[in-house]
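Work through the exercises below with the sequence and the 3D view open. Try each task before reading its solution.

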Amino acid sequence: MAKSPKASGRPILAIDSAWDPATKTVAEYRKKKLYPYFSKQGLKLTRLAGRLAMRILFRVRAQRKAVLFITGMGHGSERVFTGHDCKTLLEVGNYAAQEVENKIIHLLSCKTGAELGPDTVKNGAIAFFGYAEDFIFVEGREGVFFECDCEIDRAIAEGLTVAEVHDRVVARFEYEIDVLAAQDDLISGRLNAKSAMPSFSRHQQTLRPPQCEAAPNVSRDRHSCRLRCSAVV
Amino acid sequence: MGETGAVRKKKPVVLPERDVNKPFAVRADGSGYVTLAELQATPELSGKLVDFASLSYEKQADFTIARLEHAPKDFRIGIIGGGYMSRDEIIKEIREGSEFGRGFVRSEQLWIERVREKVSKGEYLVRGQVSESLR
């Protein structure tokens, strides 16, 4: 029987590199709107925020086998995800496989979906969600951009499969794009460019470990997986 | 999100008047741009347009800037880890053909493609179409 997140005690590792106005805005949003949701789900959070978003701490925390989900926000490029002051946290060819192995990774960052994302999956990550191009948002309407991105975290926290997470997030983007299309295409046009969010995964596009059993009274199709289950793929 | 599944038909989105009066396509004869409102009012115009992808970057940039000039002067975008950029700075990036500028041009192209597709399916409506659908 799958253990509950509390029982399994598997924490989420969150990185918020709040060092410039844009990252500070996003970090504040995630702190107010996303992390309380994890708490409600009974999930434990380890957060590396601000100056703590540094390589040495990331390396130690990420290598913990208990960490199953890494959600990060910070400046990025095709091969690098950075923390405080734009210092490297994760770089193609420059990290230990244990930092990503058997983990789901989501980076709210520019371009890391291009090379770093696939590289983490090649090195054992269960799945990666991120963006292959710049992540831009419209000032004054930031909320909708961040909210669409947070849908990834929420869906993962609820234990959906990669395909389910992707479908749900795309549906959320589509919905919000249509709402904004009736208001201002300067905003909807920017969100539309994000909707082609890439995801990469191994194990035939599923986060469900084969030995994961459905909890009583929950149909197997809707049953969650990773964060609700202590089993490791 | 207010959806009840595939059974219920989605309510069409009515595009704002300001947006349907922005440049929407490029005339093949080089005489300028066509707005979505004009295209709806005069469907024959659709045969006299040039495919956006076939234009040079400079022409695509001019078109994107022409659309962006409709934005309020205080329009700004934020970039994760890259700070904020004003409307005029975005225009400068587009003119210079920087990676960011080219990305912005692509995003406008994607938007136009989406609107074109949604309008053809009746999922997005312009004002005139709304009154017709009420008849």
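The exercises that follow concern a predicted model.

**Exercise 1. Describe the make-up of chain B: how many helices and strands does chain B have, and in which pattern do they follow along the sequence?**

Step 1. Count the elements: chain B has six helices and seven strands.
Step 2. Read them in sequence order, which gives β-α-β-β-α-β-α-β-β-α-α-β-α.
Step 3. Turn to burial: 25% of the 135 residues in chain B are buried.
Step 4. Look at the contacts in chain B between residues at least 6 apart in sequence; 47% of these join residues at least 24 apart.

**Exercise 2. Examine helix 5 of chain B: what span does it reach, and which of its residues are buried?**

Step 1. Helix 5 of chain B covers residues 99-121, 23 residues in total.
Step 2. From first C-alpha to last, helix 5 of chain B reaches 33 Å, close to the 33 Å expected at 1.5 Å a residue.
Step 3. The buried residues of this helix include F100(B), F104(B), S107(B), W111(B) and R114(B).
Step 4. Recall a rule about helices: residues three or four places apart point the same way, because an α-helix has 3.6 residues a turn.
Step 5. Find the packing partners of the buried residues: in chain A, helix 7 (185-194), and in chain B, elements including strand 2 (23-27), helix 3 (57-68) and helix 4 (87-96).
Step 6. Just after helix 5 of chain B, G122(B) has a positive phi of about 80°.

**Exercise 3. Describe where the chains meet: how many residues of chain A are in contact with chain B, and which element gives the largest share?**

Step 1. The contacts involve 36 residues of chain A and 25 residues of chain B.
Step 2. On the side of chain A, helix 7 gives the largest share, six residues.
Step 3. By type, the residues on this side of chain A divide into 16 nonpolar, 10 polar and 10 charged.
Step 4. Strand 8 of chain A pairs with strand 5 (residues 76-79) of chain B in the antiparallel sense, over three bridges. F137(A) is opposite G78(B) there.

**Exercise 4. Is D85(A) buried, exposed or partly exposed, and why?**

Step 1. D85(A) is in the loop between strand 4 (80-82) and strand 5 (88-91) of chain A.
Step 2. D85(A) is not a glycine, yet has a positive phi of about 60°.
Step 3. D85(A) counts as partly exposed because it has 13 C-beta neighbours inside 10 Å, while a buried residue needs 20 or more and an exposed one has 12 or fewer.

Definitions and conventions
Residues numbered from 1 in each chain as written. Chains lettered and ligands numbered in written order. Predicted model: local features only at pLDDT ≥ 70, side-chain atom pairs only at ≥ 80, totals over all residues. Helix = DSSP H or I, 4+ residues; strand = E, 2+ residues; numbered from the N terminus. Contact = placed C-beta atoms within 7 Å. Expected span 1.5 Å × (residues − 1). Nonpolar A, V, L, I, M, F, W, Y, C, P; charged D, E, K, R; others polar. Pairing = 2+ DSSP bridges.
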